[in-house]
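Colleague: I have a new model open. Can you walk me through reading its main features?

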Amino acid sequence: MAGTPLNIPLVKLNDGNEIPVLAYGLGTARYKSDADAPLDNEIIELTKKAIELGYRHLDGAEVYGNEAELGAAIKAAGIPRDQLFVTTKISATEKKDTLEAFNLSLKKLGLDYVDLYLIHGAWFADSEEELQAKWADLEAIKESGRAKSIGVSNFLQGQLETVLKTAKIVPALNQIEYHPYLQHGDLVAFHKKHNIVVSSYGPLTPIVTAKDGPVGPYWKKLAEKYGVTDSDVGLRWIIDQGVVALTTSSKSSRLEGYLANLPKFKLNEEEIAEISKLGSQKHFRGFWKDKFAADDRS
Ligand SMILES: NC(=O)C1=CN([C@@H]2O[C@H](COP(=O)(O)OP(=O)(O)OC[C@H]3O[C@@H](n4cnc5c(N)ncnc54)[C@H](O)[C@@H]3O)[C@@H](O)[C@H]2O)C=CC1
Ligand SMILES: O=CCc1c[nH]c2ccccc12
């Protein structure tokens, strides 16, 4: 993609494409339960505002039911297509025809390509072969040029290994829940070894859904040290490890704050390690709890 405004850094993917390290997500604050319901103007306005503020990486999914709103916001913002990085995902749980689902996503988005197409999760597959076949479908879509990069989401090491056994194209990225209370053991290192970028959803979990854990007070202390907010510190812990951060908010002041503050500071090695150490004292998963085993930390 072309560069981003406000110097949001880009991370190189294994296929040579680049992805902005900070994304505005459409999956949590404002999703729609019925994708066929009339357009929701509030979602369009919030997303357009995020683009106007400087967000260029937009994280969508079929299951969020708001691809049409994302597409309308992109159109309304009027930013050249090559300056945006648009992700969408195919259902994690339903056995959809891949090409049909992809074509419908593009149609709703009003785009002729996406920058990144992900398998939202591997739960739809009853066998290794089914997962490998789905990946082959994504490879064909990438080869057609209609997804610049392809990847996965919510995959554990075993599922990545299954895909890698038959892949012609190594997944560019795995989007997972990643924060101090869900560090996944060696999973991030496994990605580094295979040159797969990790992207983190739920990065601010320690101050949003798992408050009162050991990390909160330390984030506050670092926020005071750097003259930023504790959310900025949480996002820096992600980005300073080379991981892409997905966040969202319906408050534009928060979104503006990240763009203003994140370039102002970096955590040092000791601070990153201290957050990791404090985080490892608590385990918390906020999403897809019914899909992962209760004791699964990987
Ligand atoms: N692939 C997947 O399965 C999933 C992907 N995602 C993607 O990731 C995106 C971001 O995920 P989130 O969990 O929303 O990210 P997040 O952990 O950054 O949380 C964002 C929420 O935190 C709130 N927040 C920020 N600072 C706060 C503070 N100091 N005090 C209280 N609240 C504060 C924001 O207002 C917002 O509601 C989603 O929109 C979606 O696009 C999310 C979940 C699952
Ligand atoms: O991807 C994020 C979490 C999620 C899982 N299923 C749904 C459905 C609608 C909105 C968000 C999500």
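Modeller: We take conventions, then the sheet, then the ligand.

Modeller: This is a predicted model, where local features need pLDDT of at least 70, side-chain atom pairs count only at pLDDT 80 or more, and totals for chains, interfaces and linings use all residues. Residues are numbered from 1 along each chain as its sequence is written, chains are lettered from A and ligands numbered from 1 in the order in which they are written, and side-chain values use heavy atoms, with hydrogens and water left out.

Colleague: In what order do the eight strands close into a barrel?

Modeller: Strands of a sheet pair through backbone hydrogen bonds, either parallel or antiparallel. Strands here are DSSP runs (E, at least two residues; helices are H or I, at least four), numbered from the N terminus. Two strands pair if DSSP finds at least two bridges between them. Here the order is β3-β4-β5-β6-β7-β8-β9-β10, with parallel pairing. The twist averages 30° from one strand to the next; axes are lines fitted to C-alpha atoms, for helices over the stretch in contact, and angles run from 0 to 180 degrees between N-to-C directions.

Colleague: Over how many bridges do β8 and β9 pair?

Modeller: Five, between residues 173–177 and 197–201. N174 stands opposite V198 in β9.

Colleague: Which residues are closest to ligand 1?

Modeller: A residue is near if one of its heavy atoms lies within 4 Å. Of the 27 around ligand 1, the closest are T28, D59, Q175, T247 and W288.

Colleague: And polar contacts?

Modeller: For the ligand, look for a pair of N or O atoms within 3.5 Å. The T247 side chain has an N or O atom 2.5 Å from a ligand 1 oxygen. For a polar side-chain atom of H120, the distance to a ligand 1 oxygen is 3.3 Å.

Conventions: A polar contact is a pair of N or O atoms within 3.5 Å; within protein, one must be able to donate a hydrogen and the other to accept it, and residues adjacent in sequence count only if both atoms are side-chain atoms.
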